[in-house]
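Let's take a walk through this fold, one piece at a time. Keep the sequence and the 3D view side by side as you read.

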Amino acid sequence: MKHTPQKKIMMINDLSGYGRCSLTVALPVLAALKVQCCPVPTSVFSNHTGFSTWFFDDYTEKMPGYLEKWQELGLSFDGIAVGFLGSAEQIHIVEDAIHKFKGPHTRVLVDPIMGDDGQAYATYTEEMCRQLGKLIAYADIITPNLTEACILTGEPYRKEGWKRREIEELLKRLQAMGPEKVVITGVKEGQFLTNGVLEGNQKVRFIRTRTAGAQRPGTGDVFSSIVAGDMVNEEDFGKSVKKAARFIGDCIRLSDEMEIPKENGVCFEMLLNKLISR
């Protein structure tokens, strides 16, 4: 199919109808960055699992047929972004999709959504962690949080007290697994949250933002969506990380001011004009 000048990203993630996360975040954020978001749902939730109850529909069996039609149409993409995957089988499906759809100019971002606060999510088995480690070898960019960086490298997790040279070593170990660009998000440094950034052979950069408020679900999806959009728009990686971190901080502060329940995520919709104006 004829390529169009507007950038397009294949966004592989789950769909949660309520709670502001995954695809319901990626679609508007990428649109604000003038990028077409083409969703590949891995599962469908009525709302994310931070609520007391939810409906869930596993999309694993449907994913190959879904992607097969795109291949028959000859679709091409400027970027492929990978979010939450619910099984080892889905990891294999995504690996196959990258082989089929990644062209010479296609960029790949993998957000290895595996856990938080030092714990792997209940759905993540040791096998899945190993398979996801293989998947990131295909990525140009990965965006793990500190927990996920520790899982991928086998480094013991601790909540605080990380020295920057230790984060630098984690970044280099992750880069050695395949991706050119790595950011480890959400490292606590007193009243600040720091993102460690490594790009190619450049010196490691540390980008700090002051802690904005309570932790909320979906902020990682906002972050990775901004970085993915900037990836295909060929924006500077460090500037993209800084933009994403500051935008999330603004969203958290506004959500607290508006007394948005924490499980509802961040009211990023109120601030999308900041991304559009950029």
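Let's begin with E2, a strand that is mostly covered: seven of its 10 residues are buried. Strands (E, at least two residues) and helices (H or I, at least four) are DSSP runs, numbered from the N terminus.

Before going further, a word on what you're looking at. This is a predicted model, in which local features need pLDDT of at least 70 and side-chain atom pairs count only at pLDDT 80 or more, while totals for chains, interfaces and linings use all residues. Residues are numbered from 1 along each chain as its sequence is written, and side-chain values use heavy atoms, with hydrogens and water left out.

Back to E2, which spans residues 36–45 and pairs with E1 in the parallel sense over eight bridges. Two strands count as paired if DSSP finds at least two bridges between them. Leu15, for one, has Val44 in E2 as its bridge partner. E1 is mostly covered too, with eight of its nine residues buried. E1 also pairs with E4, again in the parallel sense, over four bridges.

Now zoom out to the whole sheet. Strands of a sheet pair through backbone hydrogen bonds, either parallel or antiparallel. In this model, nine strands make an open sheet, running E3-E2-E1-E4-E5-E8-E9-E10-E11, and the pairing is mixed. At the edges sit E3 (56–58) and E11 (205–210), each of which pairs on one side only.

Lys34 is found in the loop between H1 and E2, and it has a positive phi of about 70 degrees although it is not a glycine. Lys34 is exposed, with a relative accessible area of 55%. Asp117 is another residue other than glycine with a positive phi, in its case near 50 degrees. You'll find Asp117 in the loop between E6 (115–116) and E7 (119–120).

Next, the empty space. Rolling a probe the size of a water molecule over the atoms shows where empty space is left. A cavity is a set of points, on a 1 Å grid over the protein atoms alone, where a 1.4 Å probe fits but cannot get out, and its lining residues have an atom within 4 Å of a point. Grid points are joined across faces, edges and corners, and the volume is the space filled by probe spheres set on the points.

How many cavities of 30 Å³ or more does the structure hold? There is one, and about 70 Å³ of space lies in the largest cavity. Its lining has 13 residues, and Met11, Asn13, Val82, Gly83 and Ser224 lie nearest the centre. E1 (8–16), E4 (79–82) and H7 (219–232) each supply at least two residues of that lining, and H7 gives the most, with three. By type, the lining divides into six nonpolar, five polar and two charged residues. In that tally, Ala, Val, Leu, Ile, Met, Phe, Trp, Tyr, Cys and Pro count as nonpolar, Asp, Glu, Lys and Arg as charged, and the others, Gly among them, as polar.

On to the aromatics. A search of the whole structure finds six aromatic pairs. The rings of Trp70 and Phe77 have their centres 5.3 Å apart and their planes at 35 degrees, so this pair is tilted. The rule takes rings of Phe, Tyr and Trp (its six-membered ring) with centres within 6.5 Å, and calls planes under 30 degrees apart stacked, over 60 edge-to-face and the rest tilted. Both partners are buried, Trp70 at 14% relative accessible area and Phe77 at 4%. Phe101 lies in H3, residues 88–101, and counts as buried at 6% relative accessibility.

How values were computed:
1 Å grid on protein atoms, 1.4 Å probe; cavity = no way out; pocket = protein on both sides within 12 Å on 5 of 7 lines; lining within 4 Å. Buried < 20%, exposed > 50% of the residue type's maximum accessible area, 1.4 Å probe, protein only.
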